[in-house]
Amino acid sequence: MPNFNDFVDTLKNDLIDFAKENLEEYKDELIKDGSQFFEKTKTDLERWTEGLNSGVLNQDDFEFLLRAKKDLAEMEALKLTGLAQIKIDKITNGVIDVIVGSAIKTFL
């Protein structure tokens, strides 16, 4: 049965792949910002992935809860590069999609 550490390993790899595919020139900043968002939501993610794993939450529930935390994704490193806010918002949504995808891969 998968556990939270399995999810973290999958998420790290998926975040690196997302950065390489979508923003190679800012890969390090994206990984830094994505990692900070993960740390800010880690306690919630542990609880929510447990809910996914046990069947208490479905994919839609998990995604809804995670998107509610979107404002915690400050993306400071990307802002310092001078990217437009609309681009940063798209990247933030992409990072959330990666987290959801990694959870689904791991637990469902």
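The model is predicted; local features need pLDDT of at least 70 and side-chain atom pairs count only at pLDDT 80 or more, while totals for chains, interfaces and linings use all residues. Residues are numbered from 1 along each chain as its sequence is written, and side-chain values use heavy atoms, with hydrogens and water left out.

**Confidence**
- The protein chain has a mean pLDDT of 94 (the predictor's confidence in each residue, from 0 to 100), and 100% of its residues reach 70 or more.
- Helices here are DSSP runs of H or I with at least four residues, numbered from the N terminus.

**Helix 2 with helix 5**
- Helix 2 (residues 27–54) packs on helix 5 (residues 85–107) at about 40 degrees, and their axes sit 11 Å apart (lines fitted to C-alpha atoms over the stretch in contact, with angles from 0 to 180 degrees between N-to-C directions).
- That makes helix 2 oblique to helix 5 (angles under 35 degrees are roughly parallel, over 145 roughly antiparallel, 65 to 115 roughly perpendicular, and the rest oblique).
- Contact means heavy atoms within 4.5 Å; residues of helix 2 including Leu30, Phe37 and Leu45 meet residues of helix 5, among them Ile91, Val95 and Ile99.

**Helix 1 with helix 5**
- Helix 1 (residues 4–22) packs on helix 5 at about 140 degrees, with the axes 9 Å apart, so this pair is oblique too.

Key:
Helix = DSSP H or I, 4+ residues; strand = E, 2+ residues; numbered from the N terminus.
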